[in-house]
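Colleague: I would like to go through the labels on this model one by one. Please give me the value and the cut-off behind each.

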Amino acid sequence: MKIDLLNKVSLVTGAGGSIGGAVVKKLAENGARVFINDINAEAGEANAADINKKGGFAKFIQGDVTSETEMESFVKAAMNEFGRIDILVNNAGVNVGGEHRKVMPKYDKKAWDLVLDVCLDSVYYCTKHAAKIMKEQGCGKIVNVGSVAGWNIPLRLQSPYCIAKSAIINITKSLAMEYARHNINVNVVVPGSILNEQVKSAVYKDDASTKSMMAHIPFGRIGDPNDIANAVLYFVSDEAGYVTGAALNVDGGWTAGYTLDIEQ
């Protein structure tokens, strides 16, 4: 997919990870100037360097998405350099694993707060400051990244993650209504299982785990980060100019229904 994003100023949170990294590279490939946020300096710097090496523009700004002050500074950095904000991708997210996953009454408060702060509060902080600029400009694109866990696929022992991702889908619709009059599109991409190191260790650790996961996915495979990046690219394109408040599931058919090796 190739679209014209020449010199569009783009902000992406959580851009040191697999999905965020694919998103910033895809935006840059299509001409956007990309400002990269992540708490992981090594990963964020590496993605910025890769884009710049290929002739694009990328700047890494380390920051904690749970801090409104730091997210305001992230937005201001792009604004100070180019005087506008065209695209915001709220991608940052986190989930706890292993022994931290419990039934809700036994959930550790620190783990609970971490997931909600990173996944949900970050959307509030970044949108608050970026949308103000977009409103003054009279245009802008905001794309949130949700999860099938917030759609109709609640996951056991992961209640804060499900809550946060469900809220993101509904916040998207609310913001779409509030900002449509200012020519700002707000949409959400809803990933299923997308390949990263955490998914690799959880899904491919043994044959039983692999079979169990694939049974949920009609396509029978884990998604690639570029599958999500392409969906983001569509939402920020002019071709999606009349699309707002939409949720696009990119999940290999997971949310369409449960499947178990059906022969046809």
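Colleague: What are we looking at, and how many helices and strands does the protein have?

Modeller: This is a predicted model. The protein has eight helices and seven strands. Of its 264 residues, 48% count as buried. Among contacts with a separation of 6 or more, 72% are between residues 24 or more positions apart.

Colleague: Why is α3 called roughly parallel to α4?

Modeller: Helix α3 (residues 68-82) and helix α4 (residues 109-137) pack at an angle of about 30 degrees. Angles under 35 degrees count as roughly parallel, so α3 is roughly parallel to α4. Their axes are 8 Å apart, and the crossing is right-handed.

Colleague: Which residues make that contact?

Modeller: From α3 come Glu68, Met71, Glu72, Val75 and Met79. From α4 come Tyr125, Cys126, Lys128, His129, Ala130 and Ile133. By class, they divide into seven nonpolar, one polar and three charged.

Colleague: And α4 with α5: what makes that pair roughly parallel?

Modeller: The angle is about 15 degrees. The cut-off for roughly parallel is under 35 degrees, so α4 and α5 are roughly parallel to each other. The axes lie 8 Å apart. The crossing of α4 and α5 is right-handed.

Colleague: What classes of residue are in the contact of α4 with α5?

Modeller: It has 16 nonpolar, two polar and one charged residues. On the α4 side they include Trp112, Leu116, Leu120 and Val123. On the α5 side they include Tyr161, Ile168, Ile171 and Leu175.

Colleague: Take Ile168. Buried or exposed, and how do you know?

Modeller: Ile168 lies in helix α5. Its relative accessibility is 1%. Buried means under 20%, so Ile168 counts as buried. Leaving aside neighbours within four places in sequence, Ile168 is in contact with Cys119, Leu120, Val123, Asn144, Val145, Gly146 and Val188. Ile168 and Val188 are 20 residues apart in sequence, and their C-alpha atoms are 7.9 Å apart.

Colleague: And Leu6: buried or exposed?

Modeller: Leu6 has a relative accessible area of 59%. Exposed means over 50%, so Leu6 counts as exposed. Leu6 is in the segment before β1. With neighbours within four places set aside, Leu6 is in contact with Asn30 and Gly31. Leu6 and Glu29 are 23 residues apart in sequence and 9.5 Å apart, C-alpha to C-alpha.

Colleague: What makes Asn7 stand out in its phi?

Modeller: Phi of Asn7 is near 65 degrees, a positive value in a residue other than glycine. Asn7 is found in the segment before β1 (9-12). At 37% relative accessible area, Asn7 falls between the 20% and 50% cut-offs, so Asn7 is partly exposed.

Colleague: What about Asn183, and why is Asn183 called partly exposed?

Modeller: Asn183 also has a positive phi, about 65 degrees, although it is not a glycine. Asn183 is in the loop between α5 (159-179) and β6 (184-191). The relative accessibility is 45%, again between 20% and 50%, so Asn183 counts as partly exposed.

Colleague: Now the cores. Which residues have the most contacts inside the largest nonpolar core?

Modeller: They are Leu5, Val23, Leu27, Ile36, Val189 and Val236, in a core of 31 residues. Elements that give two or more residues to this core include α1 (18-29), β2 (33-38), β5 (140-145) and α8 (225-235). A second, separate core has 25 residues, including Ile61, Met71, Tyr125 and Val186.

Colleague: What does Ile36 touch?

Modeller: Beyond neighbours within four places, the contacts of Ile36 include Val12, Val24, Ala48, Ile51, Phe60 and Phe74.

Notes. Residues numbered from 1 in each chain as written. Predicted model: local features only at pLDDT ≥ 70, side-chain atom pairs only at ≥ 80, totals over all residues. Heavy atoms only, no water. Core = buried A, V, L, I, M, F, W, Y, C linked by side-chain atoms within 4.5 Å. Buried < 20%, exposed > 50% of the residue type's maximum accessible area, 1.4 Å probe, protein only. Helix = DSSP H or I, 4+ residues; strand = E, 2+ residues; numbered from the N terminus. Contact = heavy atoms within 4.5 Å. Axes fitted to C-alpha atoms, helices over the stretch in contact; angles between N-to-C directions. Parallel < 35°, antiparallel > 145°, perpendicular 65-115°, else oblique. Left-handed = near helix turned anticlockwise from the far one by under 90°. Nonpolar A, V, L, I, M, F, W, Y, C, P; charged D, E, K, R; others polar.
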